Amino acid sequence: MSRARFKSAPANRTKRETNSVGVTCGEEQMKYVFGRSDSDKDGYLSKQELKKAFSDLGVEFPSLRAMSALWHADDNGDNYISKKELAELVKYTSTMNTSTDK
């Protein structure tokens, strides 16, 4: 898993520049958190890793959200979120209120 994909936007990048690449700051933060949550570095997020990521984001009921995220984003039904499924996971997560929104 490439760590560069999950790095936050540079501090000197303006909000306008960030949005021009099609990713909001909140989405960048979520990608970073999810990338960091891959504790076994296998390139997939398990339910436990998702639960930890949601907890880190400050989402209420992280266990329930992890199950729901798998239902929404796990296209192939293997109970893991792959790099290919990450965009759908971030899209699902962006509909929630998180502590990073405050």
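Start by selecting phenylalanine 34 and phenylalanine 54: both are buried, meaning under 20% relative accessible area, where over 50% is exposed and in between is partly exposed (1.4 Å probe, protein chains only). Keep in mind that this is a predicted model, where local features need pLDDT of at least 70, side-chain atom pairs count only at pLDDT 80 or more, and totals for chains, interfaces and linings use all residues. Residues are numbered from 1 along each chain as its sequence is written, and side-chain values use heavy atoms, leaving out hydrogens and water.

Now look at how the two rings meet. Their centres are 5.6 Å apart and their planes sit at 80°, so phenylalanine 34 and phenylalanine 54 are an edge-to-face pair. (Rings of Phe, Tyr and Trp, the last by its six-membered ring, pair if their centres lie within 6.5 Å; planes under 30 degrees apart are stacked, over 60 edge-to-face, the rest tilted.) Phenylalanine 34 is in helix α2 (residues 25–36) and phenylalanine 54 in helix α3 (residues 47–57), so the pair ties together parts 20 residues apart in sequence. Helices here are DSSP runs (H or I, at least four residues), numbered from the N terminus.

Next, select tyrosine 44 and tyrosine 80. With ring centres 6.4 Å apart and planes at 75°, this pair is edge-to-face. Tyrosine 44 is in the loop between α2 and α3, and tyrosine 80 in the loop between α4 (62–73) and α5 (83–93), 36 residues apart. Buried or exposed? Tyrosine 44 is partly exposed at 36% relative accessibility.

Last stop: leucine 64, in helix α4. At 51% relative accessibility, leucine 64 counts as exposed.

Key: Helices (H or I, at least four residues) and strands (E, at least two) are DSSP runs, numbered from the N terminus.
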